[in-house]
Amino acid sequence: MKKKNLLQRTILIAIVTLFGLYIVVGPRHRPSLKDFGWSGMKATLASNIHLGLDLKGGSHLVMRVKTEEFLKHLTEGNTVAADNAAKEAGFEVKAARAETTGGHRVIVQVVDPSKAEDIKTAIQKKVELGDTTTWSYSLSGDQLIWTMTGSAERLLADNATTQALNIIDSRINALGITEPTLQTHGSQSSHQILLQMPGVQDPERVKNLLKGESRLEMVHVVSPPSPAPAQTYATDAEAIASVSSGGTLPANRRVLKYVERMDPTSTAPEDQTREKRTKWVIVEAPAIIDGSELRNASAVPTRAGGTDDFEINFSLKKNGADKFGAWTGAHINEYMGVVLNDEVQSIAFIKSQIFDSGQIEGRFTKQSAEDLALTLRSGALPAPIEYLEERTVGPSLGQDSINSGVRASLVGLALVVLFMLIYYRGSGINAVVALVLNMILMMAGLILFGATLTLPGIAGIILTIGMAVDSNVLIFERIREELRTGKTIPSAIDQGFGRAFITIIDTHVTTIISSLFLFVFGTGPIRGFAVTLVIGLLINLFSAVYVSRTIFIWELGRKEKMESLSI
Amino acid sequence: MIQIFKDVRIDWLANRRAFIAVSVLLMLGGLFSAIIRQATGHQAFNLGVDFKGGTVVTAKFKQRPSDEEIRASLVKQGIRDAIVQATDKPDTVLIKLPLEGVSQAEVETGRALVRNSLNAFGTEAKADLHLAADPNGAYEIVGTDAVGAVAGAQLRNKAIAVTLAALVGILVYIALRFEWTYGAAAVIAVFHDVLVTLGFFSIFQWEVSLTVIAALLTLVGFSVNDTIVVFDRIRENRRLHRRDSLYKVTNDSINQTLSRTVITSGLVFLSVLAMVLFGGEVLRGFSLALLIGIVFGTYSSVAIASPIMVWWEQRIEAANRAAAVNLNKPIRGGVQSQTKTAASRDAMAAGAPKRSGGASRI
């Protein structure tokens, strides 16, 4: 019985140890002899364990939020809205334009300046131009002018930067980049963001993803209703000419590019070139709804479904769905366009009322569809982003500090091992074996979970090692106590493990419970701490109790009758 | 067999007033330091770049000194908490200074400080020349930028909230396995350890960086671990020796686990001491917080958690007994119970082992 038990235990320990060792230093490719040499294993270990910014460094990206674009967009949007509001209220408007160089102005030129006050009231009732902290109103001849105040310009630009920072933060998290640092950079008026991330696999993809504007809009395409085909134009000039004779577009119209999708069954060569299929359409401004009304977006294969033929399903929030439903209900058989970053992705006529969901078609590849869905989910950036600087930086703790930290830890570890061997003699070997096994398995755990190791993570390892040593001390002290009361060696070992085990369970479970809180609700450094601690303590229950016990059983089994225990 | 302690019989609980007085003094010291500094326009804590942002100076050298040398010359100029970070170019280095404010003036101050420190390695290249073109220049400052905090107020508040939630988790688990009073005593002891450690950081104005936060989390773990080991022994001894008072059982349990406490804490203390001594300037805040945390985490499980638990349990016991008496005489219960409590407190203060008559709660 004992023999069989010991055999089972030994086999289990051997399997776990070998598995752990393989995870830690085993090559991920077809192994060659060189991989099992010292330098080979070191290289594998280095590539398997991800070190954080503080320990290894990574890429350092400085980007700027183009807040001037945000202000421009805002001014233009308000101009269109003001124009529409005045016309809806029954006033004649000669022209409406936005000035965005040298200050931001909304200018509405009216036919009858004597009604200026009434027009102003009508506009401010519908449009947010009435907010006097943001806009100051003045009348000059037949022009109603709203000028953005300097303080509002600064405040709005700062807000746009903060919003961009939050969106980038959520995109980084969605990408699963662990332990980045994200902070504002430069003086406040420079609107820069500094992102540092530990080594990433595909930095170009990350950069594009973070930069992705993902401005989604649903627009009304100006065209005769179905069954007539949607009205398109071969050039943008032609499109503009069709709505205005003077070559300037009215404020409530936009001309957008539309690349007709290839018919997968068509073999006609003219359908295969993008230039031939590029057309222009006229759409109404403002859009029916935009991306801020999105609730969710996900990439799905199209029904016709080649392997690289994906579309994006989206659903709308309550407000957006109401607006969208009302509009589509009133425009049956008319054409609607899905616009992404000022390019029309698809045009379709409205068969029936649509409420809260739709598709973006566009023959996306799997990755581009997933990336687009991710950026749509995280929200549109308030303004485009440009990269100013990109470089690789070394560890933020400094290589010299890391080296001295490693040296100091080795000294500390050596002290612990030495003490255990001197104080507990033979049994000290148990403790050292358990400790070494714990560290190997902990590394394996970190690799399996794909965790990024940072200094807080190392703090978790230090606590684990402390508690691992403590487990052994608890057990050995207890065995000594039992021996002192005159018990036989086997029963002292049995009792010692049994009693100490209750304590060990209590200390470990308490710490694991608190770490789970830190892991689930914590961010960044706190999470890093919790990950290593939970992994380490779970392993410790195996290494300090099960493995150590097995070594004792093996020692007991070696001699028929044990006279003394080296403890 | 080497043994540190043989059959110790120390009456720990007799000294509980002295223990608690020492702890209160230490906590008050830290609190006063924080309040006075805040009130006189200084900062309660010396927060690092991680928490308040600062200035980043990029310097390029002809002959790049080691990170250590750069840091040493910065310390000479009075900048203790700079981060020196290598870049992908071997001759270029980033120096981050913890300076509050992002105004141009602050950035200029930072630049001037770094220039003064770097002059130790030779003169700066003339402003209109590039480093390579100036034969006398040893370095040039390529850029100066302000950076925001890595860990803003939002992250800090979240960290505190999460840690409190974790402590509630600890409280509930200990309450389930032991008693509510045990859980409360353990959590109070943990608070004590964190406050004392933070007090040291305020008094000596050591830099608080993100690494110190990691150290605080670690010391919470150590402290709870230590406390549970003692409590576990108390629970076991109460089952074995039902006739002994909680006072005696607690003292015995502390004494029985004393060698384990000293060995474990001593080993961890020695390892962390190695880090304080040889771990370098940057990790000093981390290792100092751990060192203090281990000393007080060990101290608090004996000197704070156990006395609080014993005091609380005795009050409950007294109240229960008073309630039992009141069942027979249901008049003026309040007065009755108060006298009982006072009596039991006197018995405890005299250090007399009180017989609880087998009414074990566990």
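Which loop of chain A does L129(A) lie in? L129(A) sits in the loop between α5 (116-126) and β5 of chain A. This is a predicted model, in which local features need pLDDT of at least 70, side-chain atom pairs count only at pLDDT 80 or more, and totals for chains, interfaces and linings use all residues. Residues are numbered from 1 along each chain as its sequence is written, while chains are lettered from A and ligands numbered from 1 in the order in which they are written. Helices (H or I, at least four residues) and strands (E, at least two) are DSSP runs, numbered from the N terminus.

- L129(A) is buried, because 22 other C-beta atoms lie within 10 Å.
- The burial classes are: buried at 20 or more other C-beta atoms within 10 Å of the residue's own, exposed at 12 or fewer, and partly exposed in between, with C-beta atoms placed from the backbone.
- Beyond its neighbours within four places in sequence, L129(A) is in contact with N78(A), A82(A), V106(A), I123(A), Q124(A), W135(A) and W146(A).
- Contact means that the C-beta atoms of two residues, placed from the backbone, lie within 7 Å.
- N78(A) is 51 residues away along the chain, yet its C-alpha atom is separated from that of L129(A) by 7.4 Å.

**The four-stranded sheet of chain A**

- Four strands form an open sheet in the order β3-β4-β6-β5 (chain A), with antiparallel pairing.
- β3 (93-99) and β5 (135-140) of chain A are at the edges with a single partner strand each, so one side of each has no neighbour in the sheet.
- Neighbouring strands here are turned by 15 degrees against each other on average, direction ignored.
- Two strands pair if DSSP finds at least two bridges between them.
- β3(A) and β4 (residues 105-110) of chain A pair over six bridges, and A95(A) has Q109(A) as its bridge partner in β4(A).
- β4(A) pairs with β6(A) over five bridges, where I107(A) has I145(A) as its partner.
- β5(A) and β6(A) are joined by six bridges, with S136(A) opposite T147(A).
- The hairpin of β5(A) and β6(A) has two residues between the strands, and G141(A) takes a positive phi near 65 degrees in it.
- In a regular strand the side chains alternate between the two faces of the sheet.
- On β6(A), the covered face holds L144(A), W146(A) and M148(A), and the uncovered face holds Q143(A), I145(A) and T147(A).
- Helix α4 (residues 67-88) of chain A lies across β3, β4 and β6 (143-148) of chain A, at about 165 degrees to β3(A).
- Axes are lines fitted to C-alpha atoms, for helices over the stretch in contact, and angles run from 0 to 180 degrees between N-to-C directions.

**The six-stranded sheet of chain A**

- A second open sheet has six strands in the order β11-β10-β16-β15-β9-β12 (chain A), with mixed pairing.
- Its edge strands, β11 (278-284) and β12 (289-290) of chain A, each pair on one side only.
- β9 (residues 216-220) and β15 (residues 335-340) of chain A run antiparallel and share five bridges.
- Within that pair, V219(A) stands opposite G337(A).

**A helix with a bend**

- Helix α15 (residues 524-558) of chain A has 35 residues.
- α15(A) reaches 50 Å from first C-alpha to last, close to the 51 Å expected at 1.5 Å a residue, where the expected span is 1.5 Å times one less than the number of residues.
- α15(A) bends by about 30 degrees at I539(A), the bend being the angle between axes fitted to the seven residues ending there and the seven starting there.

- Most residues other than glycine have a negative phi.
- D342(A) is not a glycine but has a positive phi of about 65 degrees.
- D342(A) is in the loop between β15 and β16 (343-349) of chain A, and counts as exposed because it has 11 C-beta neighbours inside 10 Å.
- Q205(B), also not a glycine, has a positive phi of about 55 degrees.
- Q205(B) lies between α6 (180-203) and β7 (207-208) of chain B, and is partly exposed, with 15 other C-beta atoms within 10 Å.

- Chain B has 11 helices and seven strands.
- Of its 362 residues, 46% are buried.
- 59 residues of chain B are in contact with 60 residues of chain A.
- α7(B) supplies the largest share of the chain B side, 14 residues.
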